[in-house]
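Work through these exercises with the structure open beside you. Try each task before you read its solution.

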Amino acid sequence: AARELGDTAMPLILAGHSLGGELALWQAATAPPLGLAGVVAISPGARGHLRVTLTDLANKEPTEPGSFAVDEILRAVPPHVRVALVRGDGDPLRGADAALVLARPSLHRVIIPLAGHSLRHLVIAGPMIASAIDWASGR
C-alpha cells in the first residue's frame, strides 16, 4: 500500500476494532510485517480467534478450539513494536485490560469517556483514535 501511495518511508501501523484489534495483535505477534512500527487495538476482548463465529454476534468471548488469550499474544509482539489500546470507558470487554497491561507494561492506553464497545456516535472518538495512531507510529 505504501508503494502504491508513493511513500515507502511511512511507518506501518496495524489497527482494528474488537475482533479486528485482536487479529492485528495476532498478526504482529505471529508474522509481523516488515517495517511494523505499531499496533492500535480498539476494544479488544480477553480472547480472540481467527474467524467470525456466533459468539461474536452475541459479543461473548470465544472458547472454541483455535481461540487464543489476547494477553499471551500481546507478550509475543516484538518489543520494538509500539502497542496502543483504545477503549470506551463503558465497554463491557474492559475487564480484559488488567491482563493486557500486565502482559505489556509499556502499553499506551486511551480511554474514551462516555463510550461503549462500538465507540459510535461520539465525535471525540475520532481524534482520540488518531492520537493513538500517531503515538503507535512514533510521531
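**Exercise 1: A salt-bridge network**

R87, D91, D97 and R109 are linked in a network of salt bridges. A salt bridge here is a side-chain nitrogen of Lys or Arg within 4 Å of a carboxyl oxygen of Asp or Glu. This is a predicted model: local features need pLDDT of at least 70, side-chain atom pairs count only at pLDDT 80 or more, and totals for chains, interfaces and linings use all residues. Residues are numbered from 1 along each chain as its sequence is written, and side-chain values use heavy atoms, with hydrogens and water left out.

Task: Find which parts D97 ties together through its salt bridges with R87 and R109.

Solution: 
- Step 1. Take D97 and R87: their closest N and O atoms are 2.6 Å apart.
- Step 2. D97 lies in helix α5 (residues 97-103) and R87 in strand β5, so the pair ties together parts 10 residues apart in sequence. Helices (H or I, at least four residues) and strands (E, at least two) are DSSP runs, numbered from the N terminus.
- Step 3. Take D97 and R109: the closest N and O atoms are 3.1 Å apart. This pair links helix α5 to strand β6, 12 residues apart.
- Step 4. Check accessibility. Buried means under 20% relative accessible area, exposed over 50%, partly exposed in between (1.4 Å probe, protein chains only). D97 is buried at 5%. R87 is buried at 1%. R109 is partly exposed at 40%.

**Exercise 2: One valine**

Task: Is V77 buried or exposed, and which residues does V77 touch?

Solution: 
- Step 1. V77 lies in the loop between α4 (70-76) and β5.
- Step 2. V77 is buried, at 3% relative accessibility.
- Step 3. Contact means heavy atoms within 4.5 Å. V77 touches L25, A28, A29, V83 and R104, not counting residues up to four places away in sequence.
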